[in-house]
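Hi everyone, thanks for coming. Please have a look at the sequence and the structure, and then we'll walk through a few parts together.

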Amino acid sequence: MGKNKFTLIELLVVIAIIAILASMLLPALNKARGKAHQTTCLNTVAEIGRGFLLYANDNEEMVFTHTVDNVIWTVRMDQLGYVGQRLWLCPVMSTNHATAGLRTCNTLGVYRATLSSGNPTLYSIKKEVWGNFLVPPKGSDVTYSLKRMRRPSEIFLAADTIRDETGTALGVGCGAYVYEPRAYVESSAASMNHSAMANIGYFDGHASSFNPNSLREQGFTRVILNGFKINL
């Protein structure tokens, strides 16, 4: 009794069916992968926040969010053991910064209340509600007093950031180590890295994801979406 064999037409039909099934499954797989990246990043943003709170607990309820003694926060917090290098990046970020020698700057960002690109800072608008927690800067060192924060659950800490398509020298697709909700700085801003969602952590230790409308409600007017600056 002879063995059954596929004809060429039957084989092509099978291949076509597999291709169709794959094309149907691919969007779902991409969505699942994107959701996994978002969740990982959300946890990372929250961990960065916890690292800063531990630092504050050991330093009279004070934190720095730019540099301390002219050492950038990523380096200093890594040196002290509060925020290791594994927490510097969102999973969807470009890693071009590694070859550009900018790894310590092209990371997830922390809120720096003094940044401005011509607009009043959100801190200057919210100070009466949030509390006067900004310690007068010394050089490039920017320090906050947690004791002066009235509403830490509303005050930003770590967040998704990215450099836009004009930031080639700094690394397109790389993050930025600082941000301000109403400013573009060094071709960067808070960013919608996860299917038009951004992850943000707060000074009470929690972290949440936001779409453009909810970011606007938080006071953000400058963000980056799909590699380009967007004014909310």
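Which residues does I200 touch, not counting residues up to four places away in sequence? They are V45, F156, A158, A159, Y179, H206, A207, S208, F210, L215 and F220, where contact means heavy atoms within 4.5 Å.

A quick word on the model. It is predicted, so local features need pLDDT of at least 70 and side-chain atom pairs count only at pLDDT 80 or more, while totals for chains, interfaces and linings use all residues. Residues are numbered from 1 along each chain as its sequence is written, and side-chain values use heavy atoms, leaving out hydrogens and water.

Back to I200. Along with I48, W73, Y111, Y144 and F156, I200 touches the most other members of the largest nonpolar core, which has 51 residues. Such a core is a set of buried Ala, Val, Leu, Ile, Met, Phe, Trp, Tyr and Cys residues joined through side-chain atoms within 4.5 Å; buried means under 20% relative accessible area (1.4 Å probe, protein chains only). Helix α1, residues 8-58, gives the most to this core, with six residues.

Now the strands, which are DSSP runs of E, at least two residues, just as helices are runs of H or I, at least four, numbered from the N terminus. Five of them form an open, mixed sheet in the order β9-β4-β7-β11-β12. β9 (178-179) and β12 (207-210) each have a single partner strand, so one side of each is left without a neighbour in the sheet. β11, residues 198-202, pairs with β12 in the antiparallel sense over four bridges; pairing takes at least two bridges found by DSSP. Here A198 stands opposite F210 in β12.

Note on methods: Buried < 20%, exposed > 50% of the residue type's maximum accessible area, 1.4 Å probe, protein only.
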